[in-house]
Amino acid sequence: MVKHIKPAALLLCISLFSLHLVPAHAQEGFDNKKALYGLHLGFTENWVDIYYSDIEGYSHPLDQGNHSFCAPGTRINVMYDMRLGRFFSLRVMPGVSLIGRAWEPGDISIPTSPSVEYKVKSVCGELPVDVKFHPFRWGDRQLYLTSGLNYSFDFTSLNKDLNEGTIQRPNAHDLRYICGVGYEFDTRYVRLGIEMKATFGLPSSDIIIGTRPETFYYHNGPTFSFGFNIEA
C-alpha cells in the first residue's frame with residue numbers, strides 16, 4: 001500500500017506547486033470570510049501493539065514475534081473552518097479513517113488459530129476538533145499550527161462475525177490529542193494546503209480483564225499523517 005501512496009503523494013505535491021506559481025493575490029477575499037468549507041485527504045502510519053487473551057480472559061502484551069509495527073491507512077474528512085479572529089480559527093473535520101495490514105505471529109509460545117497470517121483492520125468514523133493558530137503570513141502564503149482533540153468510533157470492533165484471523169481493537173471508542181503544522185496558499189478560487197499531524201492516545205480504562213473471545217487484539221499507539229486540504 002505504501003508503494004502506491006508515494007507516487008500519488010508526489011504527483012499531488014507537484015500539482016499543488018504548479019498552482020502555487022499562478023499569481024493569485026486573493027488572500028484578502030479568503031481572510032474576510034467568516035467560514036471556509038473544504039476537504040482533507042490524508043495518508044497515515046498507525047502504530048499498533050498486539051495483545052492476546054488467555055483462557056481465563058486476562059489480556060497480556062505479546063512479547064514474542066513481530067508484536068509492534070506501523071499499519072498504513074487513509075483518511076478523508078470534510079472541513080468547516082470558522083475564523084475566530086486575526087490569528088485563530090476553529091476547525092471541525094468529521095470523516096472516516098481506514099487502516100489495514102497483514103501480520104504473521106511468528107515464533108510465539110501461546111496457542112493460535114490455524115491462520116498463519118492475520119489482518120489488523122479498522123474502519124473508524126472520527127470527529128477531530130482543533131484550533132488553528134496562523135500568525136505567520138507572507139502575501140498569499142501562511143504557516144500555521146494546530147492543536148485539539150479527536151474522538152473516533154471503530155465500527156469494525158462492533159462486528160462479531162468477522163472472518164477468522166481478523167484482529168480488532170477491544171474498545172470502539174477512542175479519544176486522542178492532536179497536534180500539527182501546515183502550510184497553505186491562496187489561488188484565485190481556492191485555498192490549498194499541506195498538513196502534517198500526530199495524534200496520541202489519552203489515558204483510558206483499557207480492558208485488562210475481559211470476555212472477548214478473540215485470541216489476539218490490538219491497542220493503538222501514536223498516529224502520524226500527511227495530508228492535503230482544499231477550501232473555498
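A salt bridge is a side-chain nitrogen of Lys or Arg within 4 Å of a carboxyl oxygen of Asp or Glu. The model discussed here is predicted.

Q: Why is the contact between D174 and R169 called a salt bridge?
A: The N to O distance between the side chains of D174 and R169 is 3.7 Å. The cut-off is 4 Å between a nitrogen of Lys or Arg and a carboxyl oxygen of Asp or Glu, so the contact qualifies.

Q: What makes the pair R176 and D174 a salt bridge?
A: The side chains of R176 and D174 meet at 3.3 Å, N to O.

Q: How do you know whether D174, R169 and R176 are buried or exposed?
A: Buried means under 20% relative accessible area. D174 has 15% relative accessibility and therefore counts as buried. R169, with 5%, is buried, and R176, with 6%, is buried as well.

Q: Why is the contact between R137 and D186 called a salt bridge, and what does the pair tie together?
A: The distance from N to O is 3.9 Å for R137 and D186, and the criterion asks for a value within 4 Å, so the label applies.

Q: Which residues are linked with R137 and D186 in a network of salt bridges?
A: The network also includes D81, K132, E184 and R191. The structure holds 12 salt bridges.

Q: How many disulfides does the rule give?
A: The count is 0 disulfides, where the rule requires a pair of cysteine sulfur atoms within 2.5 Å. As for cysteine accessibility, C70 counts as partly exposed at 27%, and C179 is partly exposed, also with 27%.

Q: What makes strand β1 and strand β2 a pair?
A: Pairing needs at least two bridges, and β1 (residues 35–53) and β2 (residues 59–61) are joined by 3, in the antiparallel sense. They therefore meet the requirement. In β2, P61 is the bridge partner of Y51.

Methods:
Residues numbered from 1 in each chain as written. Predicted model: local features only at pLDDT ≥ 70, side-chain atom pairs only at ≥ 80, totals over all residues. Heavy atoms only, no water. Helix = DSSP H or I, 4+ residues; strand = E, 2+ residues; numbered from the N terminus. Buried < 20%, exposed > 50% of the residue type's maximum accessible area, 1.4 Å probe, protein only.
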